Amino acid sequence: MNIPDPVISFVTENGILLEFAPPESISVDTELQQRLCHLSRLLREHSHTGPLLCDIVTAPGSLLLLLHDGRTARRLLRHSETLWHASAQKVPDQVTITIPVVYGGESGPDLEAAADLCGLSAQTLVEKHLDGEYLVQCLGFMPGFAYLAGLDPALHIPRKSSPSTRIPAGSVAIAGSHTGVYPSSTPGGWHVIGRTSLTLFDPRAAQPCLMQPGDRVRFVVQGGHLS
Amino acid sequence: MMEVLLSAPMLTIQDNGRQGWRHLGVPRCGMMDKLALCQANLLLGNDENAAALEITSGPVLLKFNQNSLIVVMGADMQTCILDGDQNTVKRKNLIPGFIYALQAGDCLRMSQAAQPGQRAMLMVAGGFDVEPVMGSRSTDLMNGFGGLHGQALRAGDKVPIGAAPAGTMSEAIKTANLPHKSGVRQHSWNHELRIMPGTDYSRFDDKARKYLCESRWTLSPDCNRMGLRLQGEALNLARTPKKNTTRHLSIGVLPGLIQVPPDGQPIILAADAQTTGGYPAIASIISCDLWQLAYMTPGTRIRFSEVSLAEAHGLASHQQQQIQKLRDSLKLQRSRS
């Protein structure tokens, strides 16, 4: 795949935005996003670039690089270019995370309504959700909330017209071209189709988030079969 | 240890904030006036990332169960030192930016700021020693971790105080309740924020780009540690028949960014802002002016002025030099005494 050079802009004097996909686009190619996640890891771990950076935010089709001192931007960008080319050669080790889910009923109060919107039976919606192999495109919205790309186009439905006031932690939901799991209880506008008992975010753990940008995710039925 | 006898909304423990976790969706948080935090820590000889109290409203009553050195900064809240049974005022109207000594049992009372909502800060020698979470003691109110129990402080809360830096305490206690001869200057705010055009600047129409710096903006009642909403003439995206100027993809965002939602009324992102956002970003406040957000309250009239990237870098390094000067002169003073 041919990936064009990024559009580079200063967001603030210490923040550089690298945009690899035009902001007007609706979705981002999986291969591109995987390379972005890889680049972000290389930048954080490389001895030439890591010390210059205080944060990197991965987003769909873009990276925001936050520098300790904006005046090192030129140096950082030079190294980034080298690492970007390197990221095309080396295939990163991908972690696959399996998430057990109880679908429907109290765990997935919006399952039936979401199935109606898709014009499918609840059973078919769940099967299509289980069939998907997802990529953690980025994290955002709240700590540990992963935007998972790779949802079957038959399940692409708009957000709910009025958001739920409280979605419990562990809720598995769909909206637009994404699926995701709510790490903590929050108001939200996605359709909740199931729930997992896994902890997605624990600020006191050595690795606070179950999912990292670039990881692969699969859903399985908790207990092994659909009721 | 310090005990909260009387609390007011948004009394939180904050340090410099969380860094290095934004890729996981974790906000920075931290003191709104980080410049004052840095000055107070230097003055007390603390670790430069020691945690202090951010006071948003009053009255607040705090009891110190150990001899402590304190500095108040920010908006003047007519802070006074009371004795243990709160009958006698030992000292009125503490001057921001000077060290005062408290004896075990003393209480500190902070009233409302002249302009309610403007923040004050209380730093103690040794810092407030709650357990760091993800590398910071800052309270993340939205996500419920950090600080004392992931929440604003309530009456009855007991906050541990770290060990005071060596050599500062004994000498100061002798001059109890007298301000030390040296202090730091609380920067005065003028509600003029210097900005740099942002990623989506060119997507806005000519009128919007002109209006951004030429007009005054009023802060709406919708202001908190996550963001400050402004009111004024609507800023619109340029309408070109061929090109779609709407931003569909979210991008990484950070405190200081000025986002414009479809209603055209800008939002300044503040310390607790989330990590990604989908609204176009017209500009950003340069880092050395961010501390002023701590003193902007609903109704405040503000003005933006544009600087270039080179100017922004220059201004940031000037501020760093000022801090370095303070660091050096305090070091010199300590070595002499």
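Modeller: Let's take strand S19 of chain B, residues 281–285. Five of its five residues are buried, so the rest of the structure largely encloses this strand. Buried here means under 20% relative accessible area, with over 50% called exposed and anything in between partly exposed (1.4 Å probe, protein chains only). Strands are DSSP runs of E with at least two residues, helices are runs of H or I with at least four, and both are numbered from the N terminus.

Please keep in mind that this is a predicted model, where local features need pLDDT of at least 70 and side-chain atom pairs count only at pLDDT 80 or more, while totals for chains, interfaces and linings use all residues. Residues are numbered from 1 along each chain as its sequence is written, chains are lettered from A and ligands numbered from 1 in the order in which they are written, and side-chain values use heavy atoms, leaving out hydrogens and water.

Now for the neighbours of S19(B). Strand S12 of chain B (residues 192–197) pairs with S19(B) in the antiparallel sense over three bridges; two strands pair if DSSP finds at least two bridges between them. In this pairing, Met196(B) stands opposite Ser284(B). Strand S16 of chain B (residues 257–259) also runs antiparallel to S19(B), joined by three bridges, and there Ile258(B) has Ala283(B) as its bridge partner.

In all, 44 residues of chain B are in contact with 43 residues of chain A, contact meaning heavy atoms within 4.5 Å. The area buried between the two chains is about 3,500 Å², 61% of it from carbon and sulfur atoms; buried area is the accessible area (1.4 Å probe) that two parts lose on being put together, summed over both. On the chain B side, His23(B), Leu24(B) and Leu249(B) lose the most area to chain A, together 21% of what that side buries.

Two salt bridges are found across the interface of chain B and chain A, a salt bridge being a side-chain nitrogen of Lys or Arg within 4 Å of a carboxyl oxygen of Asp or Glu. Arg203(B) forms a salt bridge with Glu24(A), with the closest N and O atoms 3.0 Å apart. This brings us back to our strand: S12, S15 (251–252), S19 and helix H4 (309–336) of chain B each supply at least two residues of the side that touches chain A. Among the residues on that side, H4(B) gives the most, with five.
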